[in-house]
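User: I am new to this structure and would like to learn how to read its features. Please guide me through them one by one.

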Amino acid sequence: MLSEDELHDLAESIRTEGQHEPIVLDADGVLLDGRNRLAACEIAGVEPRFTTYTGTDPMGVILSHNLHRRHISKGQKAMIIAMARSFSEHPLRGHAKLHSISLTRLSNAATVLKHSPHLAEQVRTGTLSLDAAYSTARENKERSAALQAQHDRLREHAPDLAEQVSEGLITLDDATAALDQRQHEERLQQSVKHADALRLADGNPDQPLVRLVEQGDITWSQAQQRAEEFLTRRRNAIHQAQQALRVIAENWAAVQDLAARPDTAYARDILDGLAPEVRSLAKSLTTLA
């Protein structure tokens, strides 16, 4: 609505010059455009002049009369269009083209309307810029998405905790922390069980770590530490064995040469110069060669 002074100026103009534009009603008599003219006619004591809109896009009439007539910012214009979208069949891109406004600005207005509706009215009236409102709305959107992700994770991995949250028995953060602890313990147990399986497959006669935990001799944390130590020793032993075998492979020609001349002075001189354990290994390798 116009201010009181502006309404009186319009009333005086209508009283002296007449009503230039009719007030637009729909077929049911609902006012589509001209409420300021209607109020001014009442102030001036002049019988208002009406016209009836018979088209199929009443919201388009409202927007066309108000958006292009008034001196409003592009941010205000975008917000008004965003607010009117629920009454229109046009998609966001269609509104942008129809009203010659940036699709990005219109999208930002829609984001504000959805995620910070309390700011939308401030943008519409011009007391808050669209950019400032969008910045807040984007933060709210990200926060909302993060909360939704927490809820989804709880529903997927811990329905019991999700139910407690929905019933208000625990907070979302407490439920998330409890799930984190559960999953940490599950990973820890899986690590210990994996180490036990390797120990068994390697022929290790030691008692399984899981059994020690079940007997109460050690905790899961202690079992996991022992499992890590075992896995480290196992990796180092495998690495050392691989290195030793690579050395043998790189020098396999010497073994083949020795095997090709058994019971010769050459072979005896080689073997006599070796330590007993190396000499025993050399004899075993020559049989393989």
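User: What percentage of the 289 residues of the protein chain count as buried?

Analyst: This is a predicted model. A residue counts as buried when its relative accessible area is under 20%. Of the 289 residues of the protein chain, 29% fall in that class.

User: What radius of gyration does the protein chain have?

Analyst: The value can be set beside that of a compact globule. For 289 residues such a globule would have a radius of gyration near 19 Å, whereas the protein chain has 42 Å. The C-alpha trace spans about 135 × 50 × 30 Å along its principal axes.

User: How many helices and strands does the protein chain have?

Analyst: There are 15 helices and three strands in the protein chain. One of the helices is α2, covering residues 35–44, and Asn 36 lies in it. Asn 36 counts as buried, because its relative accessibility is 12% and the cut-off for that class is under 20%.

User: How many salt bridges does the structure hold?

Analyst: A salt bridge is assigned when a side-chain nitrogen of Lys or Arg is within 4 Å of a carboxyl oxygen of Asp or Glu. The structure holds nine salt bridges. One of them joins Arg 155 and Asp 152, with the closest N and O atoms 2.5 Å apart.

User: Why are Arg 155 and Asp 152 separated by about one helical turn?

Analyst: The reason is that the two residues are three apart in helix α8, which covers residues 130–157.

User: Which residue forms a salt bridge with Arg 182?

Analyst: The partner is Asp 160, and the closest N and O atoms are 2.6 Å apart. This pair links distant parts of the chain, for Arg 182 is in helix α10 (residues 172–201) and Asp 160 is in helix α9 (residues 159–166), 22 residues apart. Arg 182 counts as partly exposed at 32% relative accessibility, and Asp 160 likewise at 35%.

User: Are Asp 196 and Arg 199 buried or exposed?

Analyst: Asp 196 is buried, with a relative accessible area of 11%, and Arg 199 is buried at 9% relative accessibility. These two residues form a salt bridge whose closest N and O atoms are 3.8 Å apart. Asp 196 and Arg 199 are three residues apart in helix α10, so about one helical turn separates them.

User: Which residues gather in a patch of negative charge on the surface?

Analyst: The patch is formed by Glu 4, Asp 5, Glu 6 and Asp 9. Glu 6 is found in helix α1, which covers residues 4–17. Glu 6 is partly exposed, with a relative accessible area of 41%, and so meets the requirement of over 30% for members of a patch.

User: What is the phi of Asp 263?

Analyst: Most residues other than glycine have a negative phi. The phi of Asp 263 is near 60 degrees, a positive value in a residue other than glycine. Asp 263 is placed in the loop between α13 (252–260) and α14 (265–272). At 73% relative accessibility, Asp 263 counts as exposed.

Note on methods: Residues are numbered from 1 along each chain as its sequence is written. This is a predicted model: local features need pLDDT of at least 70, side-chain atom pairs count only at pLDDT 80 or more; totals for chains, interfaces and linings use all residues. Side-chain values use heavy atoms; hydrogens and water are left out. Patches are made of residues with over 30% relative accessible area and no salt bridge: like charges are joined within 9 Å, nonpolar side chains (Val, Leu, Ile, Met, Phe, Trp, Tyr) within 5 Å. Accessible areas come from the Shrake-Rupley method with a 1.4 Å probe; for residues, only the protein chains shown count as cover. Lys and Arg count as positive and Asp and Glu as negative; His and the chain ends are not counted. The place of a charge is taken as NZ of Lys, CZ of Arg, CG of Asp or CD of Glu. Helices (H or I, at least four residues) and strands (E, at least two) are DSSP runs, numbered from the N terminus. Buried means under 20% relative accessible area, exposed over 50%, partly exposed in between (1.4 Å probe, protein chains only). The radius of gyration is taken over C-alpha atoms; the globule rule is 2.2 Å times the number of residues to the power 0.38.
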